[in-house]
Amino acid sequence: MTDLSKYRNIGIFAHVDAGKTTTTERILKLTGMIHKTGEVHDGESTTDFMEQEAERGITIQSAAVSCFWKNHRLNVIDTPGHVDFTVEVYRSLKVLDGGIGVFCGSGGVEPQSETNWRYANESEVSRIIFVNKLDRMGADFYRVVDQVKNVLAATPLVMTLPIGIEENFVGVVDVLSRQAYVWDDTGLPENYEIKEVPADMVDDVEQYREELIETAVEQDDDLMMAYMEGEEPSIEDIKRCIRKGTRDLAFFPTYCGSAFKNKGVQLVLDAVVDYLPAPTEVDPQPLMDDAGEETGEHAIVSADETFKALAFKIMDDRFGALTFVRIYSGKLNKGDTIMNSFTGKTERVGRMVEMQADDRKELTSAQAGDIIAIVGMKNVQTGHTLCDPKHPVTLEPMIFPTPVIEIAVKPKDKGSTEKMGIAIGKMVAEDPSFQVETDEDSGETILKGMGELHLDIKVDILKRTYGVELEVGQPQVAYRETITQAVEDSYTHKKQSGGSGQFGKIDYRIKPGEPNSGFTFSSTVVGGNVPKEFWPAVEKGFGSMMAEGVLAGFPTLDVEVELFDGAYHAVDSSAIAFEIAAKGAFRQSMPKAGPQLLEPIMHVDVFSPEDNVGDVIGDLNRRRGMIKNQEAGATGVRIKADVPLSEMFGYIGHLRTITSGRGQFSMEFEQYSPCPANVAEQVIAEEKAKKEAK
């Protein structure tokens, strides 16, 4: 049996380019998992193994690796930093017990760090902070510590201080043990000496040590009383307090160094072992009922419980489909049958592997606390619970943000259509924030994602990985039509061409329906003027015309039709005659009923730094937005507004410009509302021009 107290499931997350992947590389080197460190800027790092990652020097998928440090097993996940891939960060945080927040020594707390920090707070993940890149121009450890306090509203607990700065950065002082770790110029992580604290730093070290102990002993009343009476607690007691405070998110142990220059990473690994929680020390995951409500029970982390696990990522690679799984309770052996509680179906576990980024190690069994990948699972999606078929349970599912941008695509050659369908199917399974649908109006395939870079990379993957060349179109808005006035009218369909003819006369009222009612039909005919058997034909005739409105050919919403009288011919009347009469009636009467164009209105939630709120609101007003409310938070202001979708294209780029890259937004469909006359005229003119061009 493995000792769960020796497990650490951790993630590394930060802003783009703060050095997450380089830090992961150094951890792997120090723990003996790789012998040659690969550099991100050379496109050779272990965890960035996608072509697109190597080329752009950014992380797109979260990669998992396992390694050992001081008899502790570390499952490390390197996550992306770019805003378009926050779903990867979110789903990684969901299954981790602790994290390392990496901040750039010169860039400090950047906007994406705020988002990731917010996600980590919501997921209640304990973190330590690593201020990286202290060898760079403009690096300032103390400024970053202040930003953590002011921007993130968090309490950093300074554990190490830098010796020298920028090109003179040579090492760090461990505040608690009062020891200086100094590296030589070889750049090798193991080439360091432990020395006395430099004379010019003694006062600083004592000041920070006092703050550290004062903050730590607040976690234990007895120690605090003794400390106030002048008795200094032992190093073990202080470490125990730091561990408790870190787990309770009271503060965040803060370290410094340069991952690229191999300085200071060992102390971060020691901190992972000393202060981040083991799987058993984290609040267990709540279990849910069928309605998605918490049952009050939890998935206790223990190998003796029944099997419960969460699938948090699907990946398709050259070995087949991999399902990444975090096991919360129980054991899993090769050949076991497990149940997916979302679908109710069972599957047999054929192969299990432990991931080393792009490499893998076969396993015969795994247990609570492990993060593994199962090969060849079918019908499992991100967020599904896997469990023992005899004891079905559901873990808290993942909620993914809705896509905010869409593009229309079609294959350049006819033969790629099927290939594109299969490829997109795999990509949607891998990334829940990427969605696809077919536009019924145009027949085009619509790809939806979290931002322009997100969709850019998806089109790139389709081209390179799956060999599908695409034509990418401009984003389109799905308008609708409705009517504003009631009309009473009559229509007769009569056709005589030798033999039996066609005859059907209907008297009807058309009026605007309730919002979101679609199309409703009723008949109040009395006396058999239109026999009952022909009523469905009249309804079908009107209903079939709703798909194409009279203004610009968009689907028509919210119309009520009432058939109140008419006439029929004993020989010439038929269902088809009345259906044709209804279609003619629609064409005749809809233009008289005050037709109106409707546009989709989006509920937009913008996050902006306080300094930029005025600019953001002014910009939303220019986009015909209605500001609903504002909420001030610790790291900025949330502005909620209703804005027409047609005005939101390219918004993310504009928002990042006016907020220096710190703003973010999400939007979802709210309702259809009438278009202003000038917008409606332009849309109708464009649609007519398109039809004529065809």
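**The big picture**

Keep in mind that this is a predicted model. The protein has 694 residues, and buried ones make up 54% of them. Its secondary structure comes to 16 helices and 37 strands. How far along the chain do contacts reach? If you take contacts between residues at least 6 apart in sequence, 71% of them join residues at least 24 apart.

**The cores**

In soluble globular proteins, nonpolar side chains tend to be buried together. Here, the largest nonpolar core has 67 residues. Among the residues with the most contacts inside this core are Ile100, Phe103, Phe141 and Leu161. Which helix gives the most to this core? That's helix α9, residues 265–275, with eight residues.

Now look at α9 by itself. Ten of its eleven residues are buried, so the helix is largely enclosed by the rest of the structure. The buried ones include Val265, Leu267, Val268 and Tyr275, but also Gln266 and Asp270.

Setting aside neighbours within four places in sequence, Leu161 is in contact with Phe141, Tyr142, Val172, Met201, Tyr208 and Cys256, among others. There is also a second, separate core of 27 residues, and Phe554, Val613, Val637 and Leu645 are among its members.

| Helix pair | Axes come within | Rough crossing angle |
|---|---|---|
| α6 (residues 202–217) and α8 (residues 235–247) | 8 Å | 65° |
| α12 (residues 535–545) and α13 (residues 575–589) | 7 Å | 40° |

Start with α12 and α13. Their axes cross at roughly 40°, which makes α12 oblique to α13. The crossing is right-handed. On the α12 side, the residues that meet α13 include Ala537, Val538, Gly541, Phe542 and Met545. On the α13 side, Phe578, Glu579, Ala582 and Phe586 are among those that take part. Sorted by class, this contact has nine nonpolar, two polar and four charged residues.

Then turn to α6 and α8, where the crossing is left-handed. The contact is made by Arg209, Leu212, Ile213, Ala216 and Val217 of α6, together with Ile235, Ile238, Cys241 and Ile242 of α8. What classes do these residues fall into? Eight are nonpolar, none is polar and one is charged.

An α-helix has 3.6 residues a turn, so residues three or four places apart point the same way.

**Two single residues**

Finally, zoom in on two residues. Glu347 is in strand β18, which covers residues 345–348. Is Glu347 buried or exposed? With a relative accessible area of 17%, Glu347 falls below the 20% cut-off, so it counts as buried. Leaving out residues up to four places away in sequence, Glu347 touches Asp336, Thr337, Ile338, Gly376, Met377, Lys378, Asn379 and Val380.

Asp146 sits in helix α5, residues 141–150. Its relative accessible area is 39%, so Asp146 is partly exposed. Where is Val109 relative to Asp146? The two are 37 residues apart along the chain, and their C-alpha atoms are separated by 9.6 Å.

Methods
Residues numbered from 1 in each chain as written. Predicted model: local features only at pLDDT ≥ 70, side-chain atom pairs only at ≥ 80, totals over all residues. Heavy atoms only, no water. Helix = DSSP H or I, 4+ residues; strand = E, 2+ residues; numbered from the N terminus. Buried < 20%, exposed > 50% of the residue type's maximum accessible area, 1.4 Å probe, protein only. Contact = heavy atoms within 4.5 Å. Core = buried A, V, L, I, M, F, W, Y, C linked by side-chain atoms within 4.5 Å. Axes fitted to C-alpha atoms, helices over the stretch in contact; angles between N-to-C directions. Parallel < 35°, antiparallel > 145°, perpendicular 65-115°, else oblique. Left-handed = near helix turned anticlockwise from the far one by under 90°. Nonpolar A, V, L, I, M, F, W, Y, C, P; charged D, E, K, R; others polar.
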